[in-house]
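Thanks for asking me to look this one over. Here are my notes, in the order in which I would go through the structure with you.

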Amino acid sequence: MCANVIVAEDDEKQAELVRRYLEHEGHTVTVVGDGLAALDEVRHKDKEPDLLVLDVMMERADGLDVLRVLRAERRELPVLMLTARTTEDDLLLGLDLGADDYMTKPYSPRELMARVRTLLRRTRRTPDAPPATDEVLSVGALRVDPVRYEVSVDGAYVECTPGEFRILAAMAAEPERVFSRQRLLEELHGFDRYISTRTVDVHIMNLRKKIEPAPRKPTRLLTVFGVGYKLTDPAAKRAPRASS
C-alpha cells in the first residue's frame, strides 16, 4: 500500500531517518522543515497527501498550530504527530485538535512504521477496502453517512475529526450496544497497545459537545459505569408505551 507522505520535522537527521524508512516501505516522501512549509505543501499538492507525519516543536508555526489550521479547513488528511513532550496532557491536546495518532520521542523507527501502516489501512479509501456499509446510519435524529463521511443532528451538519467519526460510526452501526473503552480504542488504533484508553474518553467528551443539547447531561452518548459507552435514541426512551 504505497502512499504519498509529507514529513514535517525540523531535525534534519531525524527527518532523514524517517524518510529512509518510509521510502523503504515503498512510499513517496516529501520532507519539510517547519510548520508553514508543511501547510504550503499540503495546500499546493495536486492531490491531498495520504498522511502527514508532523513534529510538534518547529519554527514558523508549531505542529499544533498546523493541525488547528488543517482541521479548520476541514481537511481530512490523516496526521501522525511526533513530539519530545511526554505528558499525557500534551498527548490528549493533540488528539483533541484532531490528530489520528501520537508518538513521543525517542521512538523506534520500526514502531513508527507499524503505526503508519495501521493508520493508512484505517484511513485510506481504496477499491479493495470499501466502507463497512454504504447505508446512512440513523439513531434517532443522529445521522452518520460512511460514504460522504458526514454527521448530522436534526439535519444540522456536525464537524468531526477522523477519530471521532470512526467511534461514532462504529457505535451508530450497533445502537444500544455497550462498547468498552478497549473496543473503541481498537476502532481508533487497531492493534496498537501504546495508546491510553483515556484517549477514548477525550473523544467521547468532544463528541458530546457536538451532538448533545446539554453535554454535561448526555442523553445520546451514555456512560455505562464500569463498562464503557453506548449510543441511544433519547426520543425512543421518552415515547409513551401503548395502552393495553
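Predicted model: local features only at pLDDT ≥ 70, side-chain atom pairs only at ≥ 80, totals over all residues.

1. **Pairing of E10 with E12.** Two bridges join E10 to strand E12 (residues 228-231), in the antiparallel sense. If you want a place to look, Ser180 stands opposite Gly228 of E12.

2. **The four-stranded sheet.** A second open sheet for your list has four strands, ordered E6-E7-E8-E9, again with antiparallel pairing. Strand E6 (137-139) and E9 are the edges, each pairing on one side only. On average, neighbouring strands here are turned by 25° against each other, direction ignored. E8 and E9 pair in the antiparallel sense over three bridges, and Ser152 has Tyr157 in E9 as its bridge partner.

3. **H6 again, from the other sheet.** H6 also lies across E6, strand E7 (142-145) and E8, running at about 110° to E7.

4. **The loop between E8 and E9.** Asp154 lies in the loop between strand E8 (150-153) and strand E9 (156-158). Its phi is positive, about 55°, although Asp154 is not a glycine. Is Asp154 buried or exposed? With a relative accessibility of 64%, Asp154 counts as exposed.

5. Asp100 is found in the loop between helix H4 (88-97) and E5, while Asp101 is found in strand E5 (residues 101-104) itself. Why does Asp100 count as buried? Its relative accessibility is 3%, and buried means under 20%. Asp101 is buried too, with a relative accessible area of 3%. Asp101 and Thr118 are 17 residues apart in sequence, and their C-alpha atoms are 10.0 Å apart in space.

6. **What the side chain of Asp100 reaches.** The side chain of Asp100 makes a polar contact with the side chain of Arg71, at 3.2 Å. The Asp100 side chain also reaches the backbone nitrogen of Val79, at 2.8 Å.

7. **Backbone details to check.** Lys105 and Pro106 are joined by a cis peptide bond, with omega about -5°. Pro106 has its place in the loop between E5 and helix H5 (109-123). Arg60, in the loop between strand E3 (51-55) and helix H3 (63-72), has a phi near 50°, a positive value in a residue other than glycine.

8. **Helix H1.** Helix H1 (residues 12-24) has 13 residues and spans 18 Å from its first C-alpha to its last, close to the 18 Å expected at 1.5 Å a residue. Ala15, Val18 and Leu22 are buried in H1. Seen down the axis of H1, the buried residues fall within an arc of 65°, so they line one face of the helix. On the other side of H1, Glu12, Lys13, Arg20 and His24 are exposed.

9. **The two ends of H1.** At the start of H1, a side-chain oxygen of Asp11 reaches to within 3.1 Å of the backbone nitrogen of Lys13. Just after H1, Gly26 takes a positive phi of about 95°.

Technical notes:
Residues numbered from 1 in each chain as written. Heavy atoms only, no water. Expected span 1.5 Å × (residues − 1). Buried < 20%, exposed > 50% of the residue type's maximum accessible area, 1.4 Å probe, protein only. Arc of directions from axis to C-beta. Polar contact = N/O pair within 3.5 Å; in protein donor to acceptor, adjacent residues only side chain to side chain. Pairing = 2+ DSSP bridges. Axes fitted to C-alpha atoms, helices over the stretch in contact; angles between N-to-C directions. Contact = heavy atoms within 4.5 Å.
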